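Subject: Structure handover

Hi,

Here is the structure I promised to pass on to you.

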Amino acid sequence: MKKYSVILILLLLLACKKTEDKLQVGKLHVVTTTSQVTDLVNEIAGANVVVEGLMGAGVDPHLYKASEGDVTKFYNADVIFYNGLHLEGKLEDVFEKMRHQNKKTIAVAEALDKTELIASEDFASSYDPHFWFSIPNWKKAANYVANQLKQIDPKNQQAYTENAKKYIQKLEVLERTIANQLTKLPKEQRVLVTAHDAFAYFGQEHGFNVVSLQGLSTATEAGVKDVQRITEFIITHEVKAIFVESSVPVRTVEALQAAVRAKNHEVRIGGTLFSDALGNPETKEGTYVGMYEYNMRTIVNALK
């Protein structure tokens, strides 16, 4: 009897799998890179697209290398959405190969005019790629993704338009929530010290002086001089807290904290911020909106 029960369960699972496969037929198959881009495409696409994200929670896109399985996913996709501006620096050659294979690749950063980006002579693209930390930028990205999907999949263009409208309304609510949180932190206390330079757009939008150990890319290690420079900054400006990032090893910030203590001063680690990756998919921080709310709340609570 037990043997027949196991066989029955297996048959049911196979039946479910076949039904699932049938439901996917005719849907656009999209592969995305970073978790931010994956979340955005899911919001705009809804149930009309099969979205497969490569990078999960805690994954650093600056250092991410494509596996053989990833390359296969790219080849099997109808379209690839990625951040752009060399954020996924080690995937640039793969994207180029995909374009030679006539695979449609879309950089979400193309939503923005170059004048809206923060210039950087020290990064491969000449621009800071962390543009999602500006909510107005992310609104433009939402409309851009919707327009791209409408061109590729015109039969569902009304759904993409409606989904984009609903998502932008969510982002407008987020803006109000962030503004309310920010009222708790005086302007003179808005000093954000982080592991790497991912928060320039955030600082520009919310009036923070942003200082970081590493540059725009985590591929560049922080040196002794960097630690010394920021140690002096923390002491001079009486910074209360510094922050770890979920996609960057904690040791860099811990070394900074130790250097401050060696100067007979104290600075605490105010928490872990989500920078180049969202949180776990099953959590609120696994969405762009939840990540942004969490980051601001963590920063305000640690610095006020």
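Strand 1 (residues 28-32) and strand 2 run parallel to each other and are paired over 5 bridges. Helices (H or I, at least four residues) and strands (E, at least two) are DSSP runs, numbered from the N terminus, and two strands pair if DSSP finds at least two bridges between them. Along this pairing, Val 30 sits opposite Val 51 of strand 2, and Val 31 faces Glu 52 of strand 2.

Before going further, please keep in mind that this is a predicted model, in which local features need pLDDT of at least 70 and side-chain atom pairs count only at pLDDT 80 or more, while totals for chains, interfaces and linings use all residues. Residues are numbered from 1 along each chain as its sequence is written, and side-chain values use heavy atoms, with hydrogens and water left out.

Back to the strands. Together with helix 2 (residues 35-45), strand 1 and strand 2 form a right-handed β-α-β unit (right-handed if, with the strands pointing away from the viewer, the path from the first strand over the helix to the second runs clockwise). There is an open sheet of 4 strands in the order 2-1-3-4, with parallel pairing. Strand 2 (49-53) and strand 4 (104-107) are its edges, each pairing on one side only. On average, neighbouring strands in this sheet are turned by 25° against each other, direction ignored.

Now to the helices around it. Helix 4 (residues 92-100) lies across strand 3 (79-82) and strand 4, at about 150° to strand 3; axes are lines fitted to C-alpha atoms, for helices over the stretch in contact, and angles run from 0 to 180 degrees between N-to-C directions. Helix 3 (residues 68-76) and helix 4 have axes that come within 11 Å and cross at roughly 30°. Which residues meet there? In helix 3, Val 71, Phe 74 and Tyr 75 meet Val 94, Phe 95 and Met 98 of helix 4, where contact means heavy atoms within 4.5 Å.

Asn 76 also belongs to helix 3. Asn 76 counts as exposed because its relative accessibility is 52% (buried means under 20% relative accessible area, exposed over 50%, partly exposed in between, with a 1.4 Å probe and protein chains only). Not counting residues up to four places away in sequence, Asn 76 touches His 29 and Lys 103. Its C-alpha atom is 8.9 Å from that of Val 31, although Asn 76 and Val 31 are 45 residues apart along the chain.

On the inside, the largest nonpolar core has 58 residues, and Phe 81 and Tyr 288 have the most contacts within it. Such a core is a set of buried Ala, Val, Leu, Ile, Met, Phe, Trp, Tyr and Cys residues joined through side-chain atoms within 4.5 Å. Helix 10 (residues 288-303) gives the most to this core, with 9 residues. Leaving aside neighbours within four places in sequence, Phe 81 is in contact with several residues, including Val 30, Val 31, Ile 106 and Leu 149. A second, separate core of 18 residues includes Val 193, Ile 234, Leu 256 and Val 267.

Val 244 has Thr 272 in strand 8 as its bridge partner. With helix 9 (residues 251-262), strand 7 and strand 8 make a right-handed β-α-β unit.

Best wishes
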